[in-house]
Each structure stands twice: as C-alpha cells, then as structure tokens.
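I opened this entry to look up the pockets of the model and the residues that line them.

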Amino acid sequence: MPNAKIAGMGKYVPERIITNHDLETMMDTSDAWIRERTGIHERRWVEPGRETAATMGVAAARNALKQAGMNEQDVDFIIFATLSPEYTFPGSGCLLGDELGLNGVGALDIRTQCTGFVYALSIADQFIKSGMYKTILVVGGEVQSTALNVSTEGRDVAVIFGDGAGATVLTATEEEGRGILTSNLHADGKYARQLYCEDPGSRGDKRVSHEMIDNGTIYPYMNGRYVFKHAVTRFPEAIMETLAATGYTKDDIDLIVPHQANKRITEAVQQRLDVPSEKVFSNIHKYGNTTAASIPIALTEALEEGRIKAGDLVCTVAFGSGFTWGANLIRF
Ligand code: ACO
C-alpha cells in the first residue's frame with residue numbers, strides 16, 4: 001500500500017496589510033486589546049474583485065507545484081477546503097481546476113471550516129493509499145474580510161480573521177514510515193450555533209431577505225469564551241490521539257503546526273501538553289486566523305524558515321466551527 005508524502009508546499013497572501021491601528025479607525029477597539037487577547041498584530045485583506053479564494057489558491061498551488069518539481073499535468077485530483085467560496089455553488093475547487101487547466105480532473109470542496117485542511121489531508125491520504133490517485137493538490141483558501149461586520153458591534157469577530165491561501169502537493173511513495181502516518185477527524189453538531197453564520201441559508205422560505213441584513217444574521221457569530229474552552233481541550237486530545245495510534249510520544253514530535261486560531265489558545269495547548277514553546281509554530285501575529293488556509297500557510301513558512309527538515313515528525317491539528325476538530329501526524 002503506498003503512503004502519501006508531502007512533495008511541495010506553497011502559500012499566497014494578499015499584499016494589503018490591515019494593522020490593528022487600521023481597525024481602530026473602523027470600530028471601538030485598540031491595538032493593545034487585540035495583541036493581548038489574540039496575539040494578532042496585522043492581517044491581510046483581499047483586493048475585492050481581484051483576489052478570491054480560488055485565485056489565491058491558484059497562486060499557492062503553483063508555488064507548491066514548483067517546490068515539488070511538478071507541473072499542473074501531474075495533478076490527478078483537487079481537494080479545496082474553504083468556508084468562503086466565490087459562489088454558493090459550485091465550489092472553489094472547480095474554479096481553481098479551470099484556472100490551472102485541469103479541466104476534467106475531479107475537484108472536491110471540503111467545508112469543515114477551521115478544520116478543513118486537516119480533513120482535506122486525510123481524504124487525500126485515503127485516495128492515495130487506496131491507489132485511486134497518485135498526486136493530489138490540497139488547497140485551503142479563504143476570503144474572510146468581505147464577510148465581517150467591521151463596526152463596533154462585530155468587533156469580537158472582525159479583529160480575528162484574515163485572508164490567504166496555502167497549498168500542498170501530496171504524492172504516492174513506497175517509502176515505509178514516510179508521509180501522513182495517521183489522521184483523526186471529529187465533529188459535534190451540538191455546538192453548531194456557537195460559531196456560525198446563520199444567513200443566507202436554505203432553512204426558511206427565503207434564502208435572502210432585508211431582515212437578515214437589518215438583524216445582522218449575515219455576519220459570523222462567535223461565542224468566544226465557549227469556543228476558547230472547547231478548543232483548549234480538543235487540540236491536545238487530537239494530538240494525543242495521533243500518538244496513541246502510532247506509538248510515538250509527544251517528545252518524538254519535532255513541530256506542532258496548529259490551526260492559527262488565537263495565540264492564547266496555542267499557548268494554552270502548549271502548556272497543557274507540556275512541550276517547549278519552540279516546538280509549536282505560530283505566525284498568527286502576521287495573518288490573524290485564516291481558517292482553512294492557516295495550516296498550509298504555517299507549514300509553508302515553517303519549511304521556509306528551516307523549522308521543518310526532511311525526516312521530521314510534524315503534527316497538524318485544528319479546531320473550529322461545527323464544532324469540528326482533528327489532527328494529522330506526518331513524517332516529512
Ligand atoms: N476590541 C475591544 N474590546 C472588545 C473587542 C475588541 N475587538 N471584542 C470584545 N471586546 C470587549 C467586550 O465587549 C467585553 O467588554 P465588556 O467587558 O464591557 O462587556 C470585553 O472586551 C471582554 O470580552 P470577552 O468576550 O469576555 O473577552 P475575552 O477575554 O473572552 O476575549 C476573545 C474575547 C478574544 C474572542 C476570546 O473569547 C477568545 O479568544 N475566544 C476564542 C475564539 C477564537 O479564537 N475564535 C477563533 C475562531 S474559531 C477557531 O478558529 C477555533
């Protein structure tokens with residue numbers, strides 16, 4: 001049975017930097033509050049109309065293919081994780097495939113929010129292990145900025161999120177013990193309404209109404225404290241589950257690359273697991289929370305900075321809306 005190894009990683013972030021001071025001009029907030037509660041200094045926002053989840057995904061994918069020494073024609077399948085597609089339907093994966101000239105290649109959109117990339121990696125791994133596909137492009141891309149309520153009313157959510165994309169090329173290898181060693185995927189819809197965007201949706205008699213805009217139900221809602229409480233439990237659980245499945249210990253892990261939710265969540269996870277802070281990657285100060293894009297952007301930067309080397313054992317782990325959570329253990 002082949003294993004699925006990471007052959008290349010790439011990222012794309014918009015050029016437009018929005019600092020905490022920029023947000024101070026839009027809402028009643030402060031640089032000090034945002035830094036202290038979230039660790040975020042700045043985030044990137046798209047140039048609306050020019051950059052989308054798919055266009056950013058294309059740029060990230062080209063970088064990943066280049067790093068892998070491959071070209072578009074090597075890709076057998078596309079998996080795209082996003083909660084912010086261009087259209088209600090079809091998904092961003094179809095648009096990305098067209099832009100890359102991969103017309104006819106299957107494309108699957110994953111919508112498990114902040115856990116999207118962890119799910120996507122695991123799904124790609126199963127396709128490769130089964131022998132159905134040899135090389136799969138896995139992309140996470142998000143445009144959060146255009147969906148945020150950037151008035152004081154929406155400040156708890158608006159200061160956290162940013163835009164960007166990351167991609168990986170997964171390819172089959174016969175090397176034992178290399179690539180994705182295990183994944184675990186979880187969801188509990190009991191908590192669906194603790195972090196969600198209510199409208200537009202298919203529940204009522206109308207998809208879109210003026211009331212939705214007037215009532216603000218078109219904006220994301222987050223029960224911040226509730227999310228925090230669950231996240232700091234689920235992140236370590238998912239990491240420990242990968243270790244139980246493989247027989248490794250936490251000391252064997254060279255780097256944990258968590259979904260960049262919030263610096264305080266990452267610090268709490270590091271303390272609960274009792275691992276040194278240098279073993280937990282963080283770049284949230286630069287990009288905020290980019291949902292399904294945060295792990296592939298972080299993995300790309302960890303490789304660029306030499307924080308991940310060939311042979312390293314890396315754990316990617318996420319928690320988010322759904323609630324959903326999970327982890328992958330990868331031998332690079
Ligand atoms: N600027 C200034 N003040 C703010 C802001 C803001 N952006 N947002 C909220 N406040 C105010 C509140 O109104 C409140 O004021 P009050 O005391 O007068 O009522 C005060 O700050 C404290 O608000 P809390 O919500 O209690 O603040 P808390 O310490 O819980 O921090 C935060 C809020 C940062 C959202 C925190 O709950 C958190 O980190 N939650 C986790 C959520 C998260 O990380 N979500 C990421 C998305 S999900 C994921 O990726 C896993």
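I began with the second largest pocket, to whose lining α2 (31–38), α8 (224–246), α9 (263–273) and β12 (313–320) each supply at least two residues. Helices (H or I, at least four residues) and strands (E, at least two) are DSSP runs, numbered from the N terminus. The model is predicted: local features need pLDDT of at least 70 and side-chain atom pairs count only at pLDDT 80 or more, while totals for chains, interfaces and linings use all residues. Residues are numbered from 1 along each chain as its sequence is written, and side-chain values use heavy atoms, with hydrogens and water left out.

I noted that α8 gives the most to this lining, with six residues. By class I recorded 14 nonpolar, six polar and four charged residues in the lining of the second largest pocket; Ala, Val, Leu, Ile, Met, Phe, Trp, Tyr, Cys and Pro count as nonpolar, Asp, Glu, Lys and Arg as charged, and the others, Gly among them, as polar.

I then looked up where the second largest pocket lies. It lies between domain 1 (3–177) and domain 2 (180–331), because both give residues to its lining; the bounds come from an automatic or database domain assignment.

I turned next to the largest pocket. β5 (106–110) and β9 (195–196) each supply at least two residues of its lining. I recorded 24 nonpolar, 14 polar and nine charged residues in the lining of the largest pocket. Domain 1 and domain 2 both contribute to that lining, so the largest pocket also lies between them.
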